[in-house]
Amino acid sequence: MPFARLANATTPTCHIGLGLAAVGRPGYINLGRDQDLPAERTVDALRERTHELLDAAYAQGVRYFDAARSYGRSEEFLADWLNTRPGLDDIVIGSKWGYTYTADWSTDAETHEVKDHTLAAYERQRAESDALLGDRLDLYQIHSVTPDSPALTDKELHAKLAEAAAQGLTIGFSTSGPAQAEAIRAALAVTVDGEPLFRTVQSTYNALETSAAPALAEAHDAGLTVIVKEGMANGRLAGPHAPDVLREIAEETGLGCDAVALAVVLRQPWAGVVLSGAATTIQLASNLHAAVVDLDDDQLTRLATLAEAPQAYWERRGQLPWH
């Protein structure tokens, strides 16, 4: 498992990763993103921003970096950065397949990405990822598995993924939607020749959406590395949009709402890596303070009141505009 590299890291931020969803393409659904990025979102401008974030993250102890085929040019930007650092051997690189980016570098495209979990999509996107990342790619995840995903039942696909695993690539999956727990448990049951196929799971968990916690604990107990995405609820837990309870506790800690929100996730015993989705180096530095936030029982009890019903949470997320 490439995540064994993180076990050797001693920085308090080694269990915080950097996700590139917000900077690999000009449009995304994070709140406040219209102010976070350059006015001219050219390829070169976002490449420069991505590299700034990668440099800052690595310098501050971050050792996991997460991209996807559907995150615009995120793999390309990450590959460019890695190619100038051939000796960097203490990091873990993950990407995802299963969605195709279709916005053609536009923020107002009718469709930004198209889901396809077929074997043909895997083979096409695996070749594309390999062309960019080559042997720097450690983890390849099925993007946003839901209980009805054909990726959970396609034996031919499973065989191909197991073949990749036998060649040294770690195979994982991510989840989205109100039935994350069901998808996680279904994926845990997938085996090839009697051996579990998946070694990692990446799911949404935050102070507003906690429903996947029991299934993620089961995945952890089964030996999978758990990666948590959307710990900031796409900006709903950031300072300008944070609920009053979160604002109050942030003031008590002397740190930002973002640091408190991510600290809630970091303290879960099953959480192996928690992703920052920062779009600026200032946001990243604030996010990384999560590693030193100390929440008491009273504060945790108050934060627990923020949890929403999964269906309501995902309906709200689905209404967020692409900025």
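Helix 7 and helix 8 cross with left-handed geometry; a crossing is left-handed if the near helix is turned anticlockwise from the far one by less than a right angle, and right-handed if clockwise. The axes of helix 7 (residues 180-188) and helix 8 (residues 213-221) come within 8 Å and cross at roughly 20°. That makes helix 7 roughly parallel to helix 8, since angles under 35 degrees count as roughly parallel, over 145 as roughly antiparallel, 65 to 115 as roughly perpendicular and the rest as oblique. Axes are lines fitted to C-alpha atoms, for helices over the stretch in contact, and angles run from 0 to 180 degrees between N-to-C directions. Helices (H or I, at least four residues) and strands (E, at least two) are DSSP runs, numbered from the N terminus.

This is a predicted model, in which local features need pLDDT of at least 70 and side-chain atom pairs count only at pLDDT 80 or more, while totals for chains, interfaces and linings use all residues. Residues are numbered from 1 along each chain as its sequence is written, and side-chain values use heavy atoms, with hydrogens and water left out.

From helix 7, Ala-181, Ile-184, Arg-185 and Leu-188 are in contact (heavy atoms within 4.5 Å) with Pro-214, Ala-215, Leu-216, Glu-218 and Ala-219 of helix 8. The residues of this contact divide into 7 nonpolar, no polar and 2 charged. Here Ala, Val, Leu, Ile, Met, Phe, Trp, Tyr, Cys and Pro count as nonpolar, Asp, Glu, Lys and Arg as charged, and the others, Gly among them, as polar.

On the helix 3 side, Val-43, Leu-46, Arg-47, Thr-50, His-51, Leu-54, Asp-55 and Tyr-58 meet Glu-76, Phe-77, Leu-78, Asp-80 and Trp-81 of helix 4. By class, this contact has 7 nonpolar, 2 polar and 4 charged residues.

Salt bridges come next. A salt bridge is a side-chain nitrogen of Lys or Arg within 4 Å of a carboxyl oxygen of Asp or Glu, and the structure holds 21 of them. Arg-73 forms one with Glu-76, the closest N and O atoms being 3.5 Å apart. Salt bridges that share partners join Asp-44, Arg-47, Arg-73, Glu-76 and Asp-80 into one network. Arg-73 is partly exposed at 34% relative accessibility, and Glu-76 is partly exposed at 21%; buried means under 20% relative accessible area, exposed over 50%, partly exposed in between (1.4 Å probe, protein chains only).

Within helix 3 (residues 43-59), Glu-52 and Arg-49 lie 3 residues apart, about one turn of the helix, and their side chains meet in a salt bridge (3.8 Å, N to O). Glu-52 is partly exposed at 36%, whereas Arg-49 is buried at 15%.

Arg-69 and Glu-128 also meet in a salt bridge (3.1 Å, N to O). This pair links distant parts of the chain, 59 residues apart: Arg-69 is in the loop between strand 2 (64-66) and helix 4 (74-83), and Glu-128 is in helix 5 (residues 119-133). Arg-69 is buried at 17%, and Glu-128 is partly exposed at 28%.

His-143 sits in strand 6 (residues 139-145) and is buried, with 7% relative accessibility. Leaving aside neighbours within four places in sequence, the contacts of His-143 include Tyr-71, Trp-97, His-117 and Ser-174.
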